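Open the structure in your viewer and follow the stops below. Each one says what to select and what is there.

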Amino acid sequence: MNSGIPGAYDIVNPDPGALIESLRAFGYNLETAVADLIDNSIAAGTRNIHLDFTWKGAESTISIVDDGHGMSEERLVNAMRPGSSNPLDTRDPSDLGRFGLGLKTASFSQCRKLTVGSKAPGDAIAIRSWDLDYVNKCGEWRLRRENPDYGNKIFSSLETRKSGTIVLWENMDRLVGGADRNDPKRRDLFYEHVDAVKSHLAMVFHRFLETRNALQIFINNRPLEPWDPFMKNHPATQHLPEEPFSHVEQKIIVRPYVLPHRSKLDDKTFERAGGPGGWNVRQGFYIYRNNRLIVAGDWLALGFRKEAHTKLARILVDIPNSMDDDWKIDVRKSVARPPAHLRDDFKRIARLTIERATAVYRHRGKIVERQTAGDFVFPWNTNVRNGTYFYTINRKHPLVGAVLENSGDDKKKTEAMLRLIEETVPVPTIILNSTDNPDRLHRPFENRPSEELLAVMEEIWISMISTGMNAAEVGKRLTSMEPFCDYPEQVSEFLESMEGEL
Ligand SMILES: Nc1ncnc2c1ncn2[C@@H]1O[C@H](COP(=O)(O)OP(=O)(O)OP(=O)(O)O)[C@@H](O)[C@H]1O
Ligand SMILES: [Mg+2]
């Protein structure tokens with residue numbers, strides 16, 4: 001239908017009101033939206049970024065101030081255009097952008113008013129804003145010109161700088177819409193979001209933050225510490241061989257890591273090493289595009305699942321920004337899929353890393369196989385009857401055997417006690433607690449004074465010696481018994497001290 005107007009086409013400009021709502025729905029959250037702004041600051045050669053989250057109820061604001069190369073007025077106006085550059089253009093190899101959309105889509109996902117002030121060296125300050133309510137009302141994409149007094153004079157701070165850019169978000173309907181500034185719950189929620197942003201940025205930009213003098217990010221004036229997903233400096237981290245892949249002269253590097261067993265880390269380090277969302281979520285491939293982390297733990301639909309026993313596997317992948325199309329990079333820089341010709345190699349590397357990671361997870365050192373171990377090794381037996389599991393105390397264990405043997409008149413009582421313990425093992429509670437918190441399971445004698453371990457070891461030693469076994473055989477058995485096999489040094493020390501006794 002062309003209303004009778006002659007010609008080969010109709011001009012159909014997008015309806016601002018409708019398009020705004022679509023631009024707001026790219027699937028960002030606060031963390032990914034802020035990260036998109038930081039991408040722009042880094043691409044502008046920034047050294048220092050100040051992020052400020054100001055709680056004022058519904059009038060809360062977020063601002064980001066950088067000292068990058070800034071923009072002239074003309075460049076700023078273009079930067080504010082949705083679709084400010086063509087995604088097909090070749091980008092500088094260090095550029096973190098692609099689509100010419102991030103500034104707008106990230107901001108609109110969080111706020112209804114986006115104001116950007118910028119200053120390029122030698123230029124005056126230029127300030128422009130998108131006020132979505134205004135655009136909606138006038139039905140036109142009218143980009144507002146603001147003066148340096150705008151927004152609590154935050155933009156006038158550019159006057160004393162050589163160059164830099166300030167982005168201000170106001171009217172954040174999604175984060176604080178309608179909130180009363182005196183409502184403590186809403187305020188706490190706001191600051192919880194700030195914490196989530198901190199952890200996300202510490203992860204996504206850790207490489208920039210690790211390189212001294214490269215970049216510093218301050219959040220409400222506090223410097224942000226990087227989070228290294230690979231614990232590269234920990235002695236118990238396994239560095240598996242690096243593999244380079246070339247494709248059309250572009251290089252991709254894959255470096256698998258297996259992180260240390262929980263027993264090698266103190267509680268605080270373990271907690272922090274898990275990363276945002278925790279250990280289980282953070283396993284898999286980590287894809288860096290120009291040093292910026294875009295995928296932080298994912299098995300990339302290669303057929304692996306995020307299981308507790310594979311969680312120590314983390315695989316680093318470095319890709320350049322010239323392969324965005326091959327890797328299906330999206331506007332938010334949160335998705336990447338390996339191109340078809342790399343999938344088999346990635347699967348192979350994942351399988352190998354998972355195997356190693358599982359071995360470390362299952363046991364910190366060697367694993368005692370139940371099938372081949374002697375009768376004396378385990379204090380507990382696992383039994384199945386009519387498909388139901390039950391647990392009994394191993395009567396052939398040297399200590400248990402000795403107690404029963406020597407209990408004389410109390411033998412019946414001792415046997416009754418063992419039966420009582422066996423029948424009342426709190427299996428449901430153990431299952432509940434270990435599913436909720438699989439990493440917090442206590443290992444035998446973990447964090448206990450070594451005298452406790454030695455006292456038990458000594459009693460077992462005496463029991464075995466009293467059956468007429470020689471010291472060498474007793475020593476060998478102790479070394480392979482649970483839980484002493486986990487403490488080889490203490491066993492050797494103990495055996496040496498016992499040699500003197502005999
Ligand atoms: N902090 C900044 N300092 C200097 N220039 C900036 C800054 N933020 C944005 N720009 C300019 O604005 C342009 C548009 O930014 P925008 O984030 O919308 O798109 P992009 O970064 O080019 O691509 P993408 O959509 O992938 O993020 C950038 O290409 C850059 O030239
Ligand atoms: Mg961008």
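**Salt bridges**

This predicted model holds 29 salt bridges.

Select Asp 133 and Arg 112. They form a salt bridge, with the closest N and O atoms 2.8 Å apart. The pair joins distant parts of the chain, 21 residues apart. Asp 133 lies in helix H5 (residues 132-138), while Arg 112 sits in the loop between helix H4 (102-110) and strand E3 (113-119). Asp 133 is partly exposed at 36% relative accessibility. Arg 112 is buried, at 11%.

Go to helix H7 (residues 184-204) and pick Asp 195 and Lys 198. Their salt bridge has its closest N and O atoms 3.7 Å apart. The two residues are three apart in the helix, so about one helical turn separates them. Asp 195 is partly exposed at 42%, and Lys 198 is partly exposed at 26%.

Next, select Asp 188 and Arg 187. The closest N and O atoms of this salt bridge are 3.5 Å apart. Asp 188 is partly exposed at 39%, and Arg 187 is partly exposed at 35%.

Now show Arg 395, Glu 415, Arg 419, Glu 422 and Glu 423. A network of salt bridges links them.

**Domains**

Colour by domain: domain 1 is 16-223, domain 2 is 238-362 and domain 3 is 380-501. The C-alpha centres of domain 2 and domain 3 are 40 Å apart. Zoom in on where these two meet. Eight residues of domain 2 contact four of domain 3. About 500 Å² is buried between them, 36% of it from carbon and sulfur atoms. On the domain 2 side, the touching residues are two nonpolar, two polar and four charged. Between domain 2 and domain 3, the salt bridge count is zero.

Methods: Residues numbered from 1 in each chain as written. Chains lettered and ligands numbered in written order. Predicted model: local features only at pLDDT ≥ 70, side-chain atom pairs only at ≥ 80, totals over all residues. Heavy atoms only, no water. Domains from an automatic or database assignment. Contact = heavy atoms within 4.5 Å. Buried area = accessible area lost by both parts, 1.4 Å probe. Salt bridge = Lys/Arg side-chain N within 4 Å of Asp/Glu carboxyl O. Nonpolar A, V, L, I, M, F, W, Y, C, P; charged D, E, K, R; others polar. Helix = DSSP H or I, 4+ residues; strand = E, 2+ residues; numbered from the N terminus. Buried < 20%, exposed > 50% of the residue type's maximum accessible area, 1.4 Å probe, protein only.
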